[in-house]
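Please have the sequence and the structure open while I talk.

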Amino acid sequence: MKRQTLYVLLILCITQFAYGQKQNLLDLDRFAFEPDLRVNSSIPTPADHLGYELGAEFTLYAHAVDYFQTLAEASPRVAINQYGETYEGRPLINLVISSEENINNLEEIRMRHLELLTATESEAESIINETPVFTSFSYNIHGNEASSTEAAMQVAYRMAAAQDEETREVLDNSVIIMYICINPDGRDRYVYWYKGMHRNVPGIEPTDLEHYAPWPNGRTNHYWFDLNRDWIWGIHPESRGHTAEYQRWMPQVHVDYHEQGYNSNYFTMPGTTPRNKQLPDSYEALTDTFGMANVRAFDKNRLNYFTRQAFDFFYPGYGSSYPSVMGAIGMLTEQGGIGAGLAVETNDGYKLTLRQRVFDHYTTSVATIKKAAERREELLRYSYEAWQPERSKVDTKGYFIPADQTYSTDVVNMLLRQGVTVERTTSETILPDGVSMRDGERGRRVLPEGTYVISTDQTRSLFITSIMERNMAIEDSVMYDMATWSAPLAYNLDCYTTSSRFTADTEEVTEPLAEAAGLTNSNAQYAYVIEWKQRNAPKALAMLWDKEYRVRAAEEPFTDGERTFGEGTLVILRGRNLDKDDQMVDDLQSIAEEAGVEIVGYDSGRMAGGWDLASSSNRPVKQPKVALMVEPPFDTYTCGQLYFLFDQETHLPVERIRTSILQQTAMPKFGRRYGGADLLDYDVLILPDGGSGLRQLFQKEQLAELKAWVQGGGVLIANESAAGFFTKGQSEFTGVEIKEAPEDSSEVANYLPYNQRRDYYGKKRIPGSALTSKLDTTHPLAFGMNPDLYSLKFGNTGMKPSSDLETVGYYVKDKGDLLVAGYASDENLEHLAGTTFAGVVNMGSGKVVFLADNTQYRMFWRGPSRLMQNAVMLLPGF
C-alpha cells in the first residue's frame, strides 16, 4: 500500500511539474492582453470558449471558426461571412467588425465607400468626410506560421468587447475586415502533426523532433503551393475567394501576417528595395507611420523588432504588395516563430513562446487599427488618388491581346476576377504606333476583330500597369522573389501596347470566358480529330484514355483543304474503336464540353494535304503509367506544381512516389520491389528540382538500374537542377554537357570586402527573368506550341547543343535580344546565348528529357507548360 501511495505521489509530482512548466510558457504577467481594459463581460473570451489560454496550445481550425461564430452571435459589433472553401472542404471565413450602428448599416456603408472609386473630386470630399476607413488583415496564409490565427481571436474579442471611449471612437471611424486564416488546410496539417509530436514536458530544445515538421510541412496548401504568391493569378480557391472578397471592400489599409525563422526578431514596416516605383509617392511615408505605431507599442513592452533591413515588396502577388497595387497601404509583419512550437530556445538563449508570438501579433494588429482610424481622412484620400488613372506614372494607354492564342482566356479571366474592365473589338482595329511585346518594335498594327482591349483609363490602372507592362523599373537587382511577372510574357502571348489615345469599336466582356467547345459533324463515319494546339487538348486526351479509347497523334500537319491541323493533333479512328461505336458520339460530346475543346468529325480518312488520318505517321499514344518523385531532396513547390498540372488541370493519374520508399532497399536489383514501388510498373518518371541531394539519392548502383530502365523504354524527365544532374559532368548518365560559367577571378572579386559580398554576388545571379527563346515545334516535345517562347530563368544553367542532344528549346543566339524583362548581367547573357534549355537524348528504346527551366512556375508562367505535358503524354509514343 505504501509503495502504491509513493507511486501515485510521484505521478502527481511529475504531472504538476509538467503543468507548471507549461504555465511558465504563458508568462501571463508579461504577455497579458491589456488586463486593465474595461470589457463587456457577456462577450466570451477565447480562453472561456476554448478552455485554455491562448498560447497554451495550438487551436484546430474548426475550433477557431466555432469561436468566431460564437463571437458574432454574442456581439452586435461583429458580422461573420463565408467567402469560399478549400480543396479539403474547410470554410474560408472573414469577420467584419465595427460599431453597432455601422454593422446595422454595413451594406450601405460598403456601397458608399465603393462610390469613391469613380467619384468626382467634390463627390470624393463628401464621401471622405462621412465614410469610415476600411482596414483589413490576412492571417495565417502559410499554414505553419500558425500564431496569427490565434492572435486574430484575441484581436476580434478585444474590438467586440472593449467598452472604453477610445475603442468606441475607433469603431465609429473604422470598418475592420479580418481574414482569420487564408490557408486552413496547411494550418491543420501543421497543427495536427504538432499535437501528435509535442512532449508533455515542453521541448524547448531546438533539436527536438517537434521543431522539425516533415515534408511537405504545413506552409503550403493542399497542392503544396505558396498561397502568398497567388494573390494576382487566382490559381487556387483560397486565392480566388479572398481576392473576390477583397474587391467587395477595397480597403485603405491591409496588413499580411507572417512568421519567419524563430531566431529572428519581429519585422515591421517599412521594408527594403527594390520597390514598385509605380506606387504613389506617399506610400513609403505612410507605411513608416504604421511601422512607428508598432515600434512605439513594442518599445513600451520591451519587445524586439527591426525595420527596413529586409523584405521588399517588388513582386505584386504577395498579401503585402497586392493591396498596394489596388490602391491601399499594403504592409507586412513577420514574427519570429517558424518551427518554434509552443516554445523554443533561440540562438541567444532566449525562450520564445507561442504566447509571446500571439501577443506580438495582437499588439501590432491593435496598433494598426488605431492608427488607421486616426489617419482616416488621409488614408481615404490616398486611395481615391491612387484609383485615378490620370495619376498613373506609366505612359501606356492600352494593351491589346489577339484572342486566338492558347492562354489568352486565362489572362482575361484573371483580369476580370480582379475587377478590371476588359473589352473586345467588334471590328478590325488599327494602331498607328503599336509596340510589340515580343521585340519592342513600334509600328502600324492591324488587329483582328475579337482582340481583347485593356484600357488604363479605369480605376484599376495601377494594378493593370503593374502586371501588364513588359518590364518594371528595378532599383536593386538583389530581390526577395522574382524579377518579372508580366502577364503577357508569363502566358506567352502576342500583346501590343500604345501610349497614344486610341479609339476602337468594342463591347465589354462581362462574363468569364470559356474555351471554344463542341463536336462538329457528330455522326462522322470515319474519324474525329482534336487540334493539339487547343489549351485543353491534354485534358481531352486524358479523358479519352480514361474511357479506354485508342488514340493517335499526328507527327506532321495535315489539312482537309479548308482547315489545317498541326503536329500532335489527336485522331480517333472509328475503325480502331468499334467496341465504342454505340457510345462514341455521346462520349465525344461529353469530352468536348467538359474538357473545353473542339472536336471535328470526318466521313473519310483521305486528306487534301499531308498524311491521311490512318497514316502510320499518326502514332498510337497509349496512357502511360507515371511516377512523380516527392519528398526530399525534391523541392516542395516544384512537386506541387507538377502534381497540380496533371491532377487538377490535365486529369491524368500521376503517382506521387516517396524517395524514402526508393531508398529502403537501394534498388539492389532492377525490377525487384522496393518499398511497394517497382520501376518496371512505370513508363514515365518525373524528377523535379532536387538540388545537391540528388547525389545521395542516385548513387552508382541506382544510376545503373535507372539507365537500364530507360534503355528498356522508360521516359525519364529531369526538371531544373535534376536536368543538370543527369549530364556528363555530374553523374555521367548521358553525354550532355553543361556550359560552364566562367569563374570570377577579377581583382574586385579577389579583394571583395565582406559587407559587399551579398550585393556583388546577388547581381551575378538571374532572379527569375524572362529570356527570349526558340522552340522546334516539329519535335513531339514541343507539339502544339508557339515557336517563340518566353522562358523564365533562375540561375545560369544552359546545356551545350550537340548532335547527341535533340535541342528542342534554346535561348536566342544574340545576347542583345536575349533579356526580355527582369535582370541579368551582361556576362550571364553572353554565357546563356544559344544554349539549350529543353532537349531529348535517345537511350536504347527510351528517352531522357532535359527541362532546365521550370515549365509551369507557380502555374501562372504557363507558356512553357505544354513541354511537360508533351513529355509525359506524347513522348512515350514517339
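Let me begin with a definition: by a salt bridge I mean a side-chain nitrogen of Lys or Arg within 4 Å of a carboxyl oxygen of Asp or Glu. What we are looking at is a predicted model, in which local features need pLDDT of at least 70 and side-chain atom pairs count only at pLDDT 80 or more, whereas totals for chains, interfaces and linings use all residues. Residues are numbered from 1 along each chain as its sequence is written, and side-chain values use heavy atoms, with hydrogens and water left out.

The structure holds 45 salt bridges, and I will pick out a few. In one of them the side chains of Glu130 and Arg112 meet, at 2.6 Å from N to O. This pair links distant parts of the chain, with Glu130 in helix α6 (residues 121–130) and Arg112 in helix α5 (residues 106–114), 18 residues apart; helices here are DSSP runs of H or I with at least four residues, strands are runs of E with at least two, and both are numbered from the N terminus.

A second salt bridge is formed by the side chains of Asp481 and Arg229, at 3.0 Å from N to O. Here 252 residues separate the partners, Asp481 being in the loop between α16 (461–468) and α17 (487–490), and Arg229 in the loop between α9 (184–197) and α10 (237–249). Are these two residues buried or exposed? Both Asp481 and Arg229 are buried, where buried means under 20% relative accessible area, exposed over 50%, and partly exposed in between, with a 1.4 Å probe and protein chains only.

Elsewhere, salt bridges that share partners join Glu145, Arg219, Asp226, Arg229, Asp481 and Arg858 into one network.

Turning to helix packing, the axes of helix α3 (residues 61–74) and helix α7 (residues 147–161) come within 11 Å and cross at roughly 5°. The axes are lines fitted to C-alpha atoms, for helices over the stretch in contact, and angles run from 0 to 180 degrees between N-to-C directions. The two helices α3 and α7 are therefore roughly parallel to each other, since angles under 35 degrees count as roughly parallel, over 145 as roughly antiparallel, 65 to 115 as roughly perpendicular and the rest as oblique. Ala64, Tyr67, Phe68 and Leu71 in α3 meet residues of α7, among them Met153 and Tyr157, contact meaning heavy atoms within 4.5 Å.

Finally, the strands. Strand β30 (residues 767–775) is mostly covered, with 8 of its 9 residues buried. Strands β30 and β31 (residues 788–794) run antiparallel and are joined by 7 bridges, two strands counting as paired if DSSP finds at least two bridges between them. Within that pairing, Ser769 stands opposite Lys793 in β31. Strand β30 also runs antiparallel to β32 (residues 806–811), with 3 bridges, and there Ser773 stands opposite Tyr811.
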